[in-house]
Amino acid sequence: MPALLTSRLGSLRSFATTTRRQLRNQVPEHQKIFQADDGLPVHLKRGVVDTWLYRFTMTTTAFATCYSVFSLIKAAFPQKKK
């Protein structure tokens with residue numbers, strides 16, 4: 001029985017210590033990036049990936065808006081049967 005308790009405590013201790021990883025504080029680095037006065041909006045400050053995501057989002061939004069207007073017009077004016 002004592003061996004069982006010892007092994008159980010040992011396994012709990014190993015799990016408890018492995019989940020606590022020391023992470024480097026990146027907040028000061030991100031503050032420097034986002035507070036830099038370079039004329040860019042906040043959502044584009046981190047480079048090419050942010051620019052690509054912004055353009056993809058705007059293109060998708062424009063397409064969805066046009067398709068919604070097209071669908072509404074098509075539903076409002078149904079085609080006449082011949």
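User: Before we start, what counts as a helix or a strand here?

Analyst: Helices are DSSP runs of at least four residues (H or I) and strands are runs of at least two (E), numbered from the N terminus. The model itself is predicted.

User: In what order do the elements of the chain run?

Analyst: From the N terminus on, the order is α-α-α. The secondary structure comes to 3 helices and 0 strands.

User: Where is confidence lowest, and where is it highest?

Analyst: Helix H1, residues 2–18, has the lowest confidence, with a mean pLDDT of 59. The highest is found in helix H3, residues 48–76, at 96. For the chain, the mean pLDDT is 83, and 76% of the residues reach 70 or more.

User: How many of the residues count as buried, as a percentage?

Analyst: The chain has 82 residues, of which 2% count as buried.

User: Which residues form a nonpolar patch on the surface?

Analyst: The patch is made of Val49, Trp52, Leu53 and Phe56, which together have about 450 Å² of accessible area.

User: Take leucine 53 from that group. Where does it lie?

Analyst: Leucine 53 is part of helix H3. Its relative accessibility is 40%, so leucine 53 counts as partly exposed.

User: Changing topic: how many salt bridges does the structure hold?

Analyst: There are 2 salt bridges in the structure. As background, side chains of opposite charge can pair when their charged atoms come close.

User: Which residue does aspartate 38 form a salt bridge with?

Analyst: Aspartate 38 pairs with lysine 45, and their closest N and O atoms are 2.9 Å apart.

User: And is lysine 45 buried or exposed?

Analyst: Lysine 45 is buried, because its relative accessible area is 12% and the cut-off for buried is under 20%.

User: Where is lysine 45 found?

Analyst: Lysine 45 sits in the loop between helix H2 (27–35) and H3.

User: What is lysine 45 in contact with, leaving aside its neighbours within four places in sequence?

Analyst: With those neighbours left aside, lysine 45 is in contact with Ile33, Phe34, Ala36, Asp38, Leu40 and Asp50. In the case of alanine 36, the backbone oxygen lies 2.5 Å from a polar atom of the lysine 45 side chain.

User: Back to the salt bridges. Which side chain meets that of glutamate 29?

Analyst: The side chain of arginine 24 meets glutamate 29 in a salt bridge, at 2.6 Å from N to O.

User: Why does arginine 24 count as exposed?

Analyst: Arginine 24 is exposed because its relative accessible area is 56%, and the cut-off for exposed is over 50%. Glutamate 29, at 38% relative accessibility, therefore counts as partly exposed.

User: One more residue: where is histidine 43?

Analyst: Histidine 43 has its place in the loop between H2 and H3. It counts as partly exposed because its relative accessibility is 44%.

User: Which residues is histidine 43 in contact with, apart from neighbours within four places in sequence?

Analyst: Apart from those neighbours, the contacts of histidine 43 are Asp50 and Tyr54. Histidine 43 and tyrosine 54 are 11 residues apart along the chain, and 7.9 Å separates their C-alpha atoms. Asp50 is also among the residues in contact with lysine 45.

Methods. Residues numbered from 1 in each chain as written. Predicted model: local features only at pLDDT ≥ 70, side-chain atom pairs only at ≥ 80, totals over all residues. Heavy atoms only, no water. Buried < 20%, exposed > 50% of the residue type's maximum accessible area, 1.4 Å probe, protein only. pLDDT = per-residue confidence, 0-100. Patch = residues over 30% accessible without salt bridge, like charges linked within 9 Å, V, L, I, M, F, W, Y side chains within 5 Å. Areas by Shrake-Rupley, 256 points an atom, 1.4 Å probe, with all protein chains shown as cover. Salt bridge = Lys/Arg side-chain N within 4 Å of Asp/Glu carboxyl O. Polar contact = N/O pair within 3.5 Å; in protein donor to acceptor, adjacent residues only side chain to side chain. Contact = heavy atoms within 4.5 Å.
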